[in-house]
Amino acid sequence: MQFLLLILACLGVNSARALQFQLQANVGELFTYKIEPQLFNWTHQVISEQFRYRPSLQNYPDLPSWMRYMYSHEYHAGFLYGTPPISAAGKSLSLDVVALNRQNYETRQMVISMFVAHKFITPNVVQMKIDNLNWVHLMDPGRVENLRNIFRKDLWPGSKEDLSVVFMESAVNMGGRLPLRPQQREGVIVHVGSFSQFSPRLKELQEEVRPLYKLPSCTYKRTSVQKIFENVGFKLDWCAFKMVGMESPTEVLYHNNQATGRLNEHQKQHQQTEEQHRHIEHWMGISREDVPMRNYIDEFAFAFAIPGMILAVLLGMLSAVLCFQHHKFYDPHSEFFFANIFHLCEESCEKTQSDFEDGSSIHLDYPMSSTVQMVQCSDTKPMQPVTTLKSLKDPNFLLDNTSLRSQSPNNSLYQLDSGASGIYARPKPPPYKGGTLGRNAVDI
């Protein structure tokens, strides 16, 4: 019985022994590694998101500072990626990856041994942002190879031998915003580098997109090389397309350990300068006298000189038109009117004054050709009115009317009073004489 228990314990120790893998990363070049269930001998996935992974440095709780781990729900796998710095060159790392099966809570462990090989950092780098991809899509070697072929075959032929991806990160992790719609891609920032000098076509593209650097994003912009990227499935944000670098030394042609003795000396000098910068703990700023001052005199001169010259030219043209073309503005009718307008006013005033002087008699402008029937009631026989016919043309009509008006009462003309004399009233209507109508409604 004890022998069987010993055999089972040995089998358990052998099954719990961690799997080991040996990997290699290069300084200044993007390192990627996919963690999937097949690495732990798990092939059957029953539920969604069944496996979880937790990588870390061996005997430490976290990863190296240059390495990042992210899990992709699209590929159901985890990814380790990052760019080793020059300080990690020549070092070996051991990573512990613990996997958890959420169906039965079984855990398995894997140890990844990594060696960081030395490599010269590429001085010339092209930075770009791809809007229609996520970070996980560039873990596909096929997409990375298509991106490299665009530069090696078309835009940057000199980088055919040593072009590599030196940096890759999600746009959200670099400070970008999540898209409004979850189904849209977040975008990914990619840097490719080489030791060769920038091609003339890349320099022309740099000048073409330089005015767009002041904008945060410009997905609507189209460039001369737009079709080259879209044919292989890349849509770039040209506001983030930049070329950063310096002229490479002539001795440095490749980065795959084919350098000469001068190259080694250049490497040592570069390491010494980095160590010196690392020992500097405080920041050395510039003095106030070295800060460039902006001169506003030229700007004010241009701001006032150009409008002033335009105003002077316009005033000169207007003066020339008014001075030399004055005879064309002469109008004899207008001159005659303004010269005699005061005479017209004098004649009008004289005519008005003469009319007032001759105003002793009353002048009527309207015709008075009709006669008016006036009815007067006498004092002796008030019920028998006396009819008088007067003409409006008669000059005595107004006088008689005035004298009669003074004798009229102040209230109404229809008031009849036996004590009043000289009262005017309307005549009574004639008496009604009723007739007989025949059958045909004719007065007989």
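Colleague: At 27% relative accessibility, does aspartate 154 count as buried, partly exposed or exposed?
Modeller: This is a predicted model, and the answer comes from its atoms. Buried means under 20% relative accessible area and exposed means over 50%. Aspartate 154 has 27% relative accessibility, so the class is partly exposed.

Colleague: Which residue does aspartate 154 meet in a salt bridge, and which helix holds that residue?
Modeller: The partner of aspartate 154 is arginine 201, with 2.3 Å from N to O. Aspartate 154 lies in helix 2 and the partner in helix 3 (residues 200–209), so the pair ties together parts that are 47 residues apart in sequence. At 35% relative accessibility, arginine 201 counts as partly exposed. The residue is therefore arginine 201, and the helix is helix 3.

Colleague: About how many helical turns separate glutamate 145 and arginine 148?
Modeller: The side chains of these two residues meet in a salt bridge, at 3.8 Å from N to O. Glutamate 145 is partly exposed at 33% relative accessibility, and arginine 148 is partly exposed at 22%. Both lie in helix 2 (residues 141–155), three residues apart, so the separation is about one helical turn.

Colleague: Which residue is linked with Glu145 and Arg148 in a network of salt bridges?
Modeller: By the rule used here, the count comes to eleven salt bridges. Glu145 and Arg148 belong to a network of such bridges, and the other residue linked there is Arg152.

Colleague: Is lysine 119 buried or exposed?
Modeller: Lysine 119 forms a salt bridge with glutamate 29, with the closest N and O atoms 2.8 Å apart. Lysine 119 sits in the loop between strand 7 (106–117) and strand 8, and glutamate 29 in the loop between strand 1 (19–26) and strand 2 (31–35), 90 residues apart. Glutamate 29 counts as partly exposed at 23% relative accessibility. Lysine 119 has a relative accessible area of 3%, so the class is buried.

Colleague: What distance separates the C-alpha atoms of methionine 128 and tryptophan 238?
Modeller: Methionine 128 is found in strand 8 and counts as buried, at 1% relative accessibility. Leaving out residues up to four places away in sequence, methionine 128 touches several residues, including Leu147, Phe151, Val190 and Leu236. Methionine 128 and tryptophan 238 are 110 residues apart along the chain, yet the C-alpha separation is 7.6 Å.

Colleague: Which element gives the largest share of the largest nonpolar core?
Modeller: Of the 39 residues in this core, Val126, Phe151, Val190 and Phe229 touch the most other members. Several elements supply at least two residues each, among them strand 8, helix 2 and strand 10. Five residues make up the largest share, and the element that gives them is helix 2.

Colleague: Which strand gives the largest share of the lining of the largest pocket?
Modeller: The largest pocket has a volume of about 590 Å³. Of its 25 lining residues, the closest to the centre are Lys129, Asp131, Ala171, Ser217 and Asp237. The elements giving two or more residues to the lining are strand 10 (188–194) and strand 8 (124–130). The largest share is three residues, and they come from strand 8.

Definitions and conventions: Residues are numbered from 1 along each chain as its sequence is written. This is a predicted model: local features need pLDDT of at least 70, side-chain atom pairs count only at pLDDT 80 or more; totals for chains, interfaces and linings use all residues. Side-chain values use heavy atoms; hydrogens and water are left out. On a 1 Å grid over the protein atoms alone, a cavity is a set of points where a 1.4 Å probe fits but cannot get out, and a pocket is an open set with protein on both sides within 12 Å along at least five of seven lines; lining residues have an atom within 4 Å of a point. Grid points are joined across faces, edges and corners, and a volume is the space filled by probe spheres set on the points. Helices (H or I, at least four residues) and strands (E, at least two) are DSSP runs, numbered from the N terminus. Buried means under 20% relative accessible area, exposed over 50%, partly exposed in between (1.4 Å probe, protein chains only). Contact means heavy atoms within 4.5 Å. A salt bridge is a side-chain nitrogen of Lys or Arg within 4 Å of a carboxyl oxygen of Asp or Glu. A nonpolar core is a set of buried Ala, Val, Leu, Ile, Met, Phe, Trp, Tyr and Cys residues joined through side-chain atoms within 4.5 Å.
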